[in-house]
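These notes are meant for a colleague who is meeting this structure for the first time. Please read the numbered points with the model open beside them.

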Amino acid sequence: MLQAKFSVKESQTRFLSKYKDYGFKDKSTMLRAAIDQLKKNLELEQLKQSADLYAEVYSEDNDLKELTETSLDGWPE
């Protein structure tokens, strides 16, 4: 595993020192879990923004709506 050096605030250091209270074996494991969660949250936000953009494009594109409706013909309801 790679090592990296980070600077954190005193309050963050105090929080990390409570790693056992949160069920982690050490500070590094807790920090890795936090980074993984942040990554997941950022990716989810990007996905939501992309979905919003597609929805906006769809709502403004009558040709696309018509194409979608046409492709649904014959599908079971």
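1. Helix H2 gives the most to the nonpolar patch, with three residues, and H2 and H3 each supply at least two of the patch residues. Helices here are DSSP runs (H or I, at least four residues) numbered from the N terminus. The patch covers about 430 Å² of surface and is made by Leu53, Val57, Tyr58, Leu64 and Leu67; patch residues have over 30% relative accessible area and no salt bridge, with nonpolar side chains (Val, Leu, Ile, Met, Phe, Trp, Tyr) joined within 5 Å, and the areas come from the Shrake-Rupley method with a 1.4 Å probe.

2. This is a predicted model, in which local features need pLDDT of at least 70 and side-chain atom pairs count only at pLDDT 80 or more, while totals for chains, interfaces and linings use all residues. Residues are numbered from 1 along each chain as its sequence is written, and side-chain values use heavy atoms, without hydrogens and water.

3. Helix H2 (residues 27–60) packs against helix H3 (residues 62–72) at an angle of about 90°, with the axes, 5 Å apart, being lines fitted to C-alpha atoms over the stretch in contact. The two helices are therefore roughly perpendicular (65 to 115 degrees).

4. On the H2 side, Tyr58, Ser59 and Glu60 meet Asn62, Leu64, Lys65 and Thr68 of H3, where contact means heavy atoms within 4.5 Å.

5. Two salt bridges are counted, each a side-chain nitrogen of Lys or Arg within 4 Å of a carboxyl oxygen of Asp or Glu.

Definitions and conventions:
Axes are lines fitted to C-alpha atoms, for helices over the stretch in contact, and angles run from 0 to 180 degrees between N-to-C directions. Angles under 35 degrees count as roughly parallel, over 145 as roughly antiparallel, 65 to 115 as roughly perpendicular and the rest as oblique. Patches are made of residues with over 30% relative accessible area and no salt bridge: like charges are joined within 9 Å, nonpolar side chains (Val, Leu, Ile, Met, Phe, Trp, Tyr) within 5 Å.
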